Structures are given as structure tokens and as C-alpha cells.
Amino acid sequence: MATTRFWSLKGNIVKALDYVLDLKDRQRKTGGGSYIETNMTTGSPALAGYMMKNGQTSRNNKNVGYHFQISLPVGEGDEQLCMEIAREWMDRISGGQAQYVVAVHNNTKNIHAHIIADAYLKNGKQWKFKWAIENKRFRAVADQVCREHGLSVLENEYSKGMTYKEWMDRNEPDSKHAMLKKTLDYVIPRVSSMEDLKSYMRAVGFKVYDDAEKKKMDENFFEFTADIKIIEPQPNGQYHIRIPYDRECHKIEVDPTEFEWIKENKTARVRIPIDKMLNYYDKKDCFLDRRSCAQIKGVFEDKRKKGRKDLRFKVPESKKCIRASHISKDEDYSRQAIIQAINRNGRTETDPKIAAVIAHQNDWSYAREARRHLFEVTGINAQFQGKEFYKVASKSNYYKWKAAQIEKRLDRMHFRNLVEKDRQNLNGLKARRAELTAELKECQQSLDQFDRELQQLMLDRVEDVTKVDESVLAKRIEDTKGPLLENKDRLREMINLYDQRINNVQYLQKQEEKESVERVRTR
């Protein structure tokens, strides 16, 4: 499919033609001038712009011409085919009346043609058209020409654009319940046991809590873990432990021999003989009575937080547990229902891909890739995937990021050193910039003088005042105007560079003056 673009030209049409002919770069984009043609009577593309300009001197028209572009698909066609398609396209959209210059550029992945067309047709009439109306026709003609030459064409179909709400709904990340449902729907048919399901989900980053996994406690002891928030060390070496979720904040007294820190000053394990009598206190540490450990164990179990039984999950990057029975309102994902579904599937072995992830569950990189694969095949849209942490999580990416930070710091140091040197030579920079500006002015004057002389030669040639061969004029443009345009661009780049260096120094001086004034005011 060939793509098309077009613009109206204002001002000097010769400058637009100089660009497409690539005079300033010695016509490298056009194969040294091999892929340039015109259908104008002059025969020389380099002179066509002057003929267009001369023909518009006495006419009142804001548009001096038109700039068309047609690009071939990447990997299709060559320069000659592009030239032929551009000519046919222009002749068809103008009814064979357009006067134009075609220049094929091959400096990009897809070969494309620039076409500079005169604002006046061969019959002398002004070429006028409305872009909104002719846009579709121009593209349709380009597609027709491409079909005739065997190029691919993309069939355009009208489709209604999405509203902002529709776009947001499509790109909104999945909820935690939806992520769990999609994951379980993917894993349940592929595992042979409940243990493999839990192992796989843990390997890819989910947290699984199953009360059935809890080991049976010794019936002769009451054993539990306590958080530092409910532990109060006493001066006599004993510990007062508040009963969890008790509104009246009752406490029991625990002997140091029954108390052990699991994580220093964070979590402790308590193990009390079931037949022991314990001191019972209120929230102000006032003794109430003595109660048996079995009775206290019953109080603990009655006060446990509701909803902590059965199977629970945490999705990656989430702090909230979701009970399996609450994943979906329409389907049952309780522990018993999942086990029944696995048994109905009748798999004797777990899917090899799932088994491989379980086998590499201690390999974080492997597990991370497995999670990405899971999200891709299940269509899970997880918002946390786009966070910066996941972009630099691996060590290799981290070192690249760190190296880039160091490089930026070195660049800033190098920049400050250059600014300081320029500051000491500010007058020299300004003087050199003034010299370059004067050279640019002389170069522009030479270009203007050359254009005037060439335009006058063209007029004299049309009026038979003088006879000049077109090949001589074209050679003169290539040898004279090309180097002048190249020198003009070089001077502009140098002036911009000096402007930037001078501006950096002046900005630094202003900042130092501002800081100096502020220091004086604060004294």
C-alpha cells in the first residue's frame, strides 16, 4: 500500500525544489540526480522552479505550488517503479494537466517520491482543489495505480472510534478477584493434585494460605504465636499477653520458660501446658482470678477473627487476602470445589510446563518469566506490570540503570567544566559568533544574487534575448548553488552552537547574581 501526503506551498517555490532535489547534500538521496524527472518544457528539473516562479510574477495567488509525497511499502518496489507510479498518479489526479518535478529519495527504509507541482496547469488555468474533498480521491487513485503494478494495497474499512470510557474500560487492569479467577481457570485443568496447584501459584508470585496444611498441635499444650503489639514484659520477668480481639482487653500471665522470641522484638511463640492454671488480669493489669489453660484456649479460639478458615489467596503486589469462596458469585472456588474439579479432570500427571515452573520455583528469574507467560495466555491485565520496579528488577537491568545514572552525572560534571571555560572566554565566543553571522549574511547574499541572475537568464531565454544551453545552466546550478546551500547550513549549525554556549554562560551568571542578592537580603 502506497501512502500519500500533500501540502500547499507558500513563498518561494524554488526553495522547496532545492530541498527535494537535495542540492545541499550533492543529491545523495536521489542517487546523484539519477532519480529526478520533470514533465515541463524546460527539460531540466533544476530549472523548473525558476520557470514556475517566473510564471507567477504577475498573478495574485497565495499558493505558489503544491508538494505531494507518495511512499511505497517497505521492501516493495525500487526507485524506477516509484518514479513511474508517481508520474501516473500525478497525471491521473490532474487529468494530465499538472506541471511538476519528481524526485525519488532512497535514504529511508521505504522508497518515496517528492513531487513539486506548479500552481498553474498546462492550459494556464489555476489549479484549485479542496483538500477535504479530494483527499479520498487522491488516495483511491494511488491504490489503483499500486494494484496495476502488483503492489500490496490495504483495504480501508470504516470503523467507529472508541469513546474515552470504552477505551478506559478496555485498558483498565483486572481486579484482584478477576486475576484469581483467570489463574485458577487456567491451572485447575492442568494439574493432577491440589498440592501442585498451590505450588505453581506460589512459584509465580501468588501467596496461598490453606488451613488444612496446619500441622496438628500437641493436645497436652496450648501453643500459639503472639505479636509484639499484644506482649507486655513485666518487671518480675513475666509476660502479660493480651487476648486478641477482646474488647475488654483481658490479659494472661506467661512464664519466661514458656515464652520464646521467634523474631527479636517482633513475634514470639508461647507454649503452655494445657492443665496449668493461669493468672487472669484486666486491661489495667489488675488481678481478677485464676483460670485453667484449657479455658483460656477456648477463649482464644472463640475470639479469632472471622473468615480465616478454608483456602485464601494474595495476588502479586497485594496486601489483602481473598477467600477462595468469595472469588466469584457465579462459580464455586472453595477448597473442596477445586479438589472435586481436579479429580473430575482425571489427570494422572501435571502438565509439563506447570511442572517445570514448580521445579524452578526457587529460581526468581524463571518464575518471573513464567508469571509473564501466565498473564499473557490468560489475558490478565495487571497494572503493577508497568511499574518501574519490574522494569529494573533483574540485576542486569539494574546495572544498566546504575551505569546510565553515573554517565548522566559525568555528563553534568563535563558540562559544568565546559561552561566554566566558556565563561572565561565569553568575549571570544561573542566575537566568533559575530564573524559567523557575517559569513552567513554574505552566503545568503551570494545565493540571492545567483537566483536573480539565473532568473534573468531564464527570462532572456524565453524572450529569445539570449541563447543558453539548458545543460550548461543545470551544471552551473549544481556546481554553484549546491555548495552555497551546504555552506549556509553549516554556518547555521555553528551559530546555533555558539548561541547555546553563550546562553548557558549568561544563564549561569544570572543565577549567581540572583543567589548573591538573596544572601544579602537574608543577612
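The legends below describe several close-up views of a predicted model.

The model is predicted, so that local features need pLDDT of at least 70 and side-chain atom pairs count only at pLDDT 80 or more, while totals for chains, interfaces and linings use all residues. Residues are numbered from 1 along each chain as its sequence is written, and side-chain values use heavy atoms, with hydrogens and water left out.

**View 1. The protein chain as a whole, with 15 helices and 16 strands.** Helices (H or I, at least four residues) and strands (E, at least two) are DSSP runs, numbered from the N terminus. Of the 523 residues in the protein chain, 37% are buried, where buried means under 20% relative accessible area, exposed means over 50%, and partly exposed lies in between (1.4 Å probe, protein chains only). Contact means heavy atoms within 4.5 Å, and among the contacts between residues at least 6 apart in sequence, 68% join residues at least 24 apart.

**View 2. Helix α6 (residues 176-187) and its buried residues.** The twelve residues of α6 should span 16 Å at 1.5 Å a residue, and the end C-alpha atoms are 16 Å apart, which agrees; the expected span of a helix is 1.5 Å times one less than its number of residues. Met179, Leu180, Thr183, Leu184, Tyr186 and Val187 are the buried residues of α6. They cover an arc of only 160 degrees around the axis, which puts them on the same side of α6, the arc being that of the directions from the helix axis to the C-beta atoms. The cover over these buried residues includes α7 (194-203), β15 (311-314), β16 (322-323), α9 (335-345), α10 (352-359) and α11 (364-378). Within α11, Phe375 counts as buried because its relative accessibility is 3%. Phe375 and Met179 are 196 residues apart along the chain, and their C-alpha atoms are separated by 8.8 Å.

**View 3. The packing of α7 with α9.** Two packed helices are described by the angle between their axes and the distance between the axes. For α7 and α9 the angle is about 110 degrees and the axes are 10 Å apart; axes are lines fitted to C-alpha atoms, for helices over the stretch in contact, and angles run from 0 to 180 degrees between N-to-C directions. The two helices, α7 and α9, are therefore roughly perpendicular to each other, a term for angles of 65 to 115 degrees, whereas angles under 35 count as roughly parallel, over 145 as roughly antiparallel and the rest as oblique. From α7, Met194, Leu197 and Lys198 meet Arg335, Ile338, Ile339 and Ile342 of α9. By class, this contact has five nonpolar, no polar and two charged residues, with Ala, Val, Leu, Ile, Met, Phe, Trp, Tyr, Cys and Pro counted as nonpolar, Asp, Glu, Lys and Arg as charged, and the others, Gly among them, as polar.

**View 4. Helix α4 (residues 131-148) and the residue Gly150 that follows.** With 18 residues, α4 reaches 25 Å from its first C-alpha to its last, close to the 26 Å expected at 1.5 Å a residue. Glu134, Phe138, Val141, Ala142, Asp143, Val145 and Cys146 are its buried residues, and what covers them includes β1 (3-9), β3 and α3 (79-93). Gly150, after α4, has a positive phi near 80 degrees.

**View 5. Helix α2 and the loop residue Val64.** Eight of the ten residues of α2 are buried, so this helix is largely enclosed by the rest of the structure. Those buried residues are Pro45, Ala46, Leu47, Ala48, Gly49, Tyr50, Met52 and Asn54. In the loop between α2 (45-54) and β3 (65-71), Val64 is buried, with a relative accessible area of 9%. Val64 and Tyr120 are 56 residues apart in sequence, and their C-alpha atoms are 8.7 Å apart in space.
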